[in-house]
Amino acid sequence: MHRYFRGSLGVRRADARLLCPQTQRRRPVPVSLTLSSRTKEAIKTALAMTIAYGIALSQNWERPYWAGFAVAFISLTSVGASLNKAVLRMCGTLLAFFASLTFIALFPQERWSFFLIFSLYLMFCSYMMSGSRHAYFWQVAGFVCAIICMDAGPDPVHAFTTATLRVQETGLGILVYSLVSIFLWPSYTRDIRQQAADVLALEQRMFRACGDLLLGRGEQQQVTKLIDESVQAKANFDQLLNSAELESREVWQLRAQWHDYQAQLAQLSEGIGRWRETFAELQPLNMPLLLPDLEALLAELDQRLTQIGKMFAGTAPKRAPQSMALPADKNQLEKLSHVQRAAVTVVQREILALDQVSASMFQRVAGITRFETAPAPPVVTRQSLVVDPDRLACALRYLVFLWLVFLTVIYVPDLPGGFGVVAMGASFGIALVNMPQIPVSSAFLPAAGSVLFAGFLYIFVMPQLSSFKGLGAMLFSVTFAICYLLAAPRQELARALALSILLSVISVSNPQSYNFLVVTTNGLTLVPVFLALAITAYFPFNFMPERVFLRLLRRFFRSSEYLTDALQWGRSAPTSRLQRLRYRFHQREVATIPSKLASWAPHIDPAKIAGAEPAQVRALVTSVQSLAIQLQGLQAARTSPQARFLVQQLLPDFRAWRLDICALLQQLGRDPGASGDGKLARVNTDQVLATLESHIKEALESTPAGHFTEADAENFYRVLGAYRALSAALLDYTDNASMIKWAPWHEDRFA
């Protein structure tokens with residue numbers, strides 16, 4: 001046993017006389033010019049870790065590794081990102097402080113009631129974590145509460161001391177790393193305006209590529225490549241904006257306007273996507289001939305996006321956005337069938353929607369860049385409370401996991417770690433259950449390796465250290481090595497796991513004592529934790545990628561069937577609160593499930609699931625995204641008023657068409673791989689369109705003069721085009737589904 005601090009420590013000064021004259025005359029090369037950003041960030045984290053431990057040990061604080069945890073988890077590549085995470089960690093720790101003391105005070109001697117409320121609180125934190133912009137806040141609020149409660153036990157005095165110490169040492173780690181990151185090689189987020197301009201330029205390239213496709217001179221491969229780049233660029237911009245809010249006073253003052261622009265950028269991207277989905281219906285048509293002002297409007301929108309980008313660069317706009325119409329050539333329209341006219345009407349609607357979004361973006365950016373004296377006020381949107389089944393499934397898995405670990409501690413005598421197993425499980429579990437795509441086995445091996453490495457340091461290296469000089473050197477070098485080797489963004493979880501296990505196993509204290517049981521206990525503690533995680537990967541929900549993919553497809557088609565069934569004419573809008581909530585739930589399902597499918601698709605292993613080739617799965621996901629877009633377009637088109645005489649005469653045709661779509665959606669809701677006879681379905685669709693075409697002609701010929709205006713025609717063709725596009729999207733899905741062998745997807749497996 002020894003103390004790392006035995007009074008004051010002297011600092012040796014370099015003797016300048018030892019330097020040779022040549023060295024003194026030579027101009028030194030700045031170290032910062034020779035080090036990579038990866039090395040600098042590793043040095044900053046290692047230095048902050050060493051300083052935090054030094055301060056905690058010099059003040060004789062217990063558990064200085066809590067300060068080390070704060071340093072390890074908030075270290076990011078920029079000052080703003082680190083400060084943002086530091087604020088979230090501190091706020092989460094404060095919430096856990098009050099929550100833990102409240103639970104202990106309410107249930108001091110009732111462990112079952114205590115753990116019931118405690119586990120429900122952690123379940124709530126897990127649910128909020130997976131859907132919040134401040135996910136790290138809820139993560140910290142959950143696992144810190146578990147650490148305080150499990151460490152304090154039923155003693156309220158000990159609980160308050162433990163909670164206070166946790167807040168104190170977390171604040172120390174945050175303060176130390178913040179100062180180090182600010183004064184040593186500060187890495188600030190690049191100009192957020194330039195970042196916004198870069199993302200907008202990518203969307204502009206997408207707009208141009210789609211415009212070329214519409215005009216018959218573009219390539220689909222270029223559009224597909226730009227789609228992937230756009231998704232990644234918008235995700236990076238969202239993260240950078242959060243960092244810039246803390247680094248820039250200007251961005252902080254205009255944060256509401258910036259978030260409005262962020263939402264408008266997403267609307268622009270979605271609008272371009274909907275516009276692109278209409279092109280399949282227009283391949284045989286000459287669009288410049290049908291829409292004479294099409295190229296002029298496309299040029300105006302392109303110029304508008306260019307001016308927005310220049311405003312971000314500091315150049316004042318030359319002119320305000322020009323409002324333009326997009327009339328169709330009536331003579332050319334008369335040569336088309338009614339179905340083709342509907343397709344042209346849908347394209348007109350989508351282009352004009354892009355015109356409105358880009359004009360709104362222009363106004364917002366003019367306010368952000370101070371080219372307007374009175375910037376437009378931020379748009380306040382209220383989000384309705386709709387439960388997300390996937391977030392709820394992860395939260396329920398976390399609840400079951402907590403109870404498995406708790407019951408193991410209660411009923412397995414002499415379990416190594418005791419209630420520390422619950423604390424460790426709560427810390428690891430809340431992160432892993434909210435990343436269900438990651439297999440449990442992929443996290444267990446790095447954790448076990450970290451225990452072995454930390455155990456080696458604890459047993460063979462640390463007993464040789466007699467002062468903080470040696471300990472500080474070890475902490476610095478080991479932290480630097482971990483941060484340097486695991487510096488990639490995709491390795492962030494592995495880096496945090498390695499550092500947390502390292503600090504937990506070496507358990508630095510003042511005075512320091514050594515016990516081999518510390519290493520074995522930490523290692524054995526991982527066994528019930530990861531065993532419970534492995535069990536909950538199959539119970540109560542199976543989180544195998546192919547099973548989740550199938551569940552998502554079934555839910556998507558069931559929600560699509562509900563929304564399609566709700567489109568019938570004469571049906572009253574939802575009136576009760578429950579009906580409106582149910583309607584919004586299915587709308588949210590259709591809007592969000594395609595992106596969830598895209599996140600799960602890369603994790604389906606074709607080596608384990610025969611017939612699940614990545615290209616086929618990606619094509620299936622793309623067809624689902626197209627189907628969601630077309631269904632949303634149909635919902636929007638059905639809100640427009642329709643001419644009564646057309647509704648009366650064509651109602652049987654549209655009802656039969658809608659019922660056919662509902663029947664196919666119902667079948668796919670039971671079995672997403674039930675592609676049926678694609679050729680027969682295509683023939684039936686063509687027959688429906690041919691019959692409807694003749695009925696429309698008869699209805700219009702019998703219409704008295706003046707009873708069918710241009711507005712009526714536009715609204716009717718919007719609905720007709722939306723139905724046609726939805727049918728085409730369904731046929732595209734069935735074609736892609738028929739290419740996949742679905743039988744292996746339903747087979748049980750445990751690896």
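Asn-60 is partly exposed, with a relative accessible area of 43%. Here buried means under 20% relative accessible area, exposed means over 50%, and partly exposed lies in between (1.4 Å probe, protein chains only). The model is predicted, so local features need pLDDT of at least 70 and side-chain atom pairs count only at pLDDT 80 or more, while totals for chains, interfaces and linings use all residues. Residues are numbered from 1 along each chain as its sequence is written, and side-chain values use heavy atoms, with hydrogens and water left out.

Asn-60 sits in the loop between helix 2 and helix 3 (65-74). Its phi is near 60 degrees, a positive value in a residue other than glycine. Ser-507 is not a glycine either, and has a positive phi of about 40 degrees. Ser-507 belongs to the loop between helix 20 and helix 21. Pro-511 lies in the loop between helix 20 (492-506) and helix 21. A cis peptide bond joins Asn-510 to Pro-511, with omega at about 10 degrees. Another cis bond runs from Phe-539 to Pro-540, with omega near 5 degrees. Pro-540 is found in the loop between helix 21 and helix 22 (545-565). Most residues other than glycine have a negative phi, and most peptide bonds are trans.

The protein has 27 helices and zero strands. Both are DSSP runs numbered from the N terminus (helices H or I, at least four residues; strands E, at least two). Of the 751 residues, 49% count as buried. Contact means heavy atoms within 4.5 Å. Among contacts in the protein with a separation of 6 or more, 83% involve residues 24 or more positions apart.

Ala-46 lies in helix 2 (residues 37-58). This residue is buried, with a relative accessible area of 0%. Leaving aside neighbours within four places in sequence, Ala-46 is in contact with Phe-476, Thr-479 and Phe-480. The C-alpha atoms of Ala-46 and Gly-472 are separated by 9.5 Å, although the two residues are 426 apart along the chain.

Two helix pairs were examined. Axes are lines fitted to C-alpha atoms, for helices over the stretch in contact, and angles run from 0 to 180 degrees between N-to-C directions. The axes of helix 5 (residues 111-129) and helix 6 (residues 135-152) come within 7 Å and cross at roughly 160 degrees. Helix 5 is therefore roughly antiparallel to helix 6. Angles under 35 degrees count as roughly parallel, over 145 as roughly antiparallel, 65 to 115 as roughly perpendicular and the rest as oblique. The residues of this contact include Phe-114 and Phe-118 of helix 5 and Trp-138 and Gln-139 of helix 6.

Helix 16 (residues 389-411) and helix 21 (residues 516-536) pack at an angle of about 140 degrees, with their axes 9 Å apart. Helix 16 is therefore oblique to helix 21. The contact includes Arg-397 and Phe-401 of helix 16 and Pro-528 and Leu-533 of helix 21.

A nonpolar core is a set of buried Ala, Val, Leu, Ile, Met, Phe, Trp, Tyr and Cys residues joined through side-chain atoms within 4.5 Å. The largest such core has 103 residues, of which Phe-118, Leu-471, Met-474 and Phe-530 touch the most other members. Helix 6 gives the largest share of this core, 14 residues. Another core, of 58 residues, lies apart from it, with Ile-593, Leu-620, Leu-650 and Leu-689 among its members.
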